[in-house]
Amino acid sequence: MTTLQDLLAKKAALEQEIEATQKRERQDAIAKVKSLMNEYGLSASDLTGKSGTKTGGKSGASKGGKVAAKYRNNATGETWSGRGLQPKWLKAAVAAGKKLEDFAL
């Protein structure tokens, strides 16, 4: 019958072996990837898709930037860029008979 100390020692040895095996396999995988990259003339940017127009992507295009306001509620000063859903104040005003152009800047 094994003691708790024996089991803990075996556990620690297994954890060390697992860690060493993970490191070795990771290094092997990196070596394989580097070999394939050299064989096919690939770079890191080819893998990430950040090579700009080389892969047909848009280079220099910004995402999520601020857009100038196109409509303003003169009573409250609230604005809307014309993108996305209409704000509640604008929906209510249009439903009340006003025109969208009445709020244009």
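View 1. W89 counts as buried, because its relative accessibility is 14% and the cut-off for buried is under 20%. The model shown here is predicted. Leaving aside neighbours within four places in sequence, W89 is in contact with Y71, R72, N73, E78, T79, W80 and F103.

**View 2. The aromatic pair of W89 and F103.** Two aromatic pairs are found in a search of the whole structure. In the pair of W89 and F103, the ring centres are 5.7 Å apart and the planes stand at 65 degrees, so the pair is edge-to-face; planes over 60 degrees apart count as such. This pair links distant parts of the chain, since W89 belongs to helix α3 and F103 to the segment after α3, 14 residues apart. F103 is buried, with a relative accessible area of 9%.

**View 3. The largest nonpolar core.** Six residues make up this core: Y71, W80, W89, L90, A93 and F103. Helix α3, which covers residues 88–95, gives the most to the core, with three residues.

**View 4. N73 in the loop between the strands.** The loop between β1 (71–72) and β2 (79–80) holds N73. Is N73 buried or exposed? With a relative accessibility of 13%, N73 counts as buried. Not counting residues up to four places away in sequence, N73 touches E78, W89 and F103.

**View 5. Helix α1 and the residue that follows.** Helix α1 runs over residues 4–40, which is 37 residues. At 1.5 Å a residue, α1 should span 54 Å, and the end C-alpha atoms of α1 are 54 Å apart, which agrees. G41 follows α1 and has a positive phi, near 65 degrees.

**View 6. The chain as a whole.** Three helices and two strands form the secondary structure of the chain. From the N terminus on, the elements run α-α-β-β-α. Of the 105 residues in the chain, 11% are buried. Among contacts between residues at least 6 apart in sequence, 22% join residues at least 24 apart. The accessible surface of the chain is about 9200 Å², and 54% of this surface belongs to carbon and sulfur atoms.

Key:
Residues are numbered from 1 along each chain as its sequence is written. This is a predicted model: local features need pLDDT of at least 70, side-chain atom pairs count only at pLDDT 80 or more; totals for chains, interfaces and linings use all residues. Side-chain values use heavy atoms; hydrogens and water are left out. A nonpolar core is a set of buried Ala, Val, Leu, Ile, Met, Phe, Trp, Tyr and Cys residues joined through side-chain atoms within 4.5 Å. Buried means under 20% relative accessible area, exposed over 50%, partly exposed in between (1.4 Å probe, protein chains only). Helices (H or I, at least four residues) and strands (E, at least two) are DSSP runs, numbered from the N terminus. Contact means heavy atoms within 4.5 Å. The expected span of a helix is 1.5 Å times one less than its number of residues. Accessible areas come from the Shrake-Rupley method with a 1.4 Å probe; for residues, only the protein chains shown count as cover. Rings of Phe, Tyr and Trp (its six-membered ring) pair if their centres lie within 6.5 Å; planes under 30 degrees apart count as stacked, over 60 as edge-to-face and the rest as tilted.
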